Amino acid sequence: MTEQPTLTGSDAKRAARNVTALMIASLISKGALFIWQLILAPWLGTFTYGIYGTVGALIAVSGSISSFSMGLIVIRDVAREPQKAGKYWSALMVLQVILALIAYLAMNGFALGYSETVRAFTALAGINLFVDLFGNMGYDLLIAREEMLKTSVVEIVHIIIRIGLSILALSLGWGLLGVYIASMVSGLGRTVVFMWLNWRLGVRPQFPFDRSIGIPLLVNSAPLALSAFLSLAYQHADKLMTTGILGEEGTGYLTVALA
């Protein structure tokens with residue numbers, strides 16, 4: 001009869017510490033972003049905030065394609081076999097970059113039905129798909145190694161810097177363009193920090209691309225990716241339809257109501 005693993009006191013404390021760190025980071029980050037939306041809406045005005053809401057909806061739906069929900073599978077598998085972290089990292093780089101290109105093209109193709117302003121900001125904001133992609137890779141690998149405290153601190157600081165840079169850009173009169181630039185700059189910083197933390201742990205992308213890792217990763221993620229895509233498409237369809245029917249100002253009111 002095989003001996004069942006037991007949960008020690010140190011294991012319980014570590015689990016509680018990790019969960020607490022993630023919970024606090026989520027509360028602070030989401031709370032700060034909620035307050036920021038309440039400030040951003042009147043600052044931008046109804047029409048511009050409607051553009052922001054429309055582009056945000058396109059980004060959210062497209063993000064489900066680029067990520068393909070692979071992070072959950074990677075966290076599970078790397079936690080079981082940490083020595084394969086480098087192979088999973090390279091697999092993510094290959095697969096998710098290809099998916100991000102597809103998502104970016106699809107997003108901009110869908111945006112052709114909207115105004116020139118929406119199309120321009122969609123093309124610009126879509127760059128964040130790639131910036132956030134690499135940051136999320138580093139985040140998932142750190143979570144798999146139970147580095148919850150470090151990731152939580154980085155996430156909180158990232159949100160604070162993002163909001164701070166956005167306020168600075170708006171104060172300088174850069175408008176919505178400044179908001180997206182602030183998002184890209186802060187997102188790039190987040191990516192660099194997460195990659196650096198992984199390198200400090202000795203994790204490196206291992207090339208060439210290992211198909212024995214990549215193909216099961218793609219297959220196992222597919223049901224989760226489909227569920228995420230349908231959920232986000234349903235969640236944001238109202239903004240996309242409102243912009244098409246009533247215009248950006250109507251979406252501005254809707255986005256504020258849903259904030």
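**Aromatic pairs and nonpolar cores**

There are six aromatic pairs here, where Phe, Tyr and Trp rings (the six-membered one for Trp) pair with centres within 6.5 Å; planes under 30 degrees apart are stacked, over 60 edge-to-face, the rest tilted. This is a predicted model: local features need pLDDT of at least 70, side-chain atom pairs pLDDT 80 or more, while totals for chains, interfaces and linings use all residues. Numbering runs from 1 along each chain as its sequence is written, and side-chain values use heavy atoms, without hydrogens or water.

Take Phe121 and Tyr180. Their ring centres are 5.7 Å apart and their planes at 45°, so the pair is tilted. Phe121 sits in helix H5 and Tyr180 in helix H8, so the pair ties together parts 59 residues apart in sequence. Helices here are DSSP runs (H or I, at least four residues), numbered from the N terminus. Tyr180 is buried at 7% relative accessibility; buried means under 20% relative accessible area, exposed over 50%, partly exposed in between (1.4 Å probe, protein chains only).

Next, Tyr139 and Phe194. Centres are 5.8 Å apart and planes at 65°, so this pair is edge-to-face. Phe194 is buried at 0%; Tyr139 is partly exposed at 21%.

Now the core. The largest nonpolar core has 25 residues, and Tyr180 is among those with the most contacts inside it. Such a core joins buried Ala, Val, Leu, Ile, Met, Phe, Trp, Tyr and Cys through side-chain atoms within 4.5 Å. Which helix gives the largest share of this core? H2, with six residues.

Definitions and conventions
Helix = DSSP H or I, 4+ residues; strand = E, 2+ residues; numbered from the N terminus.
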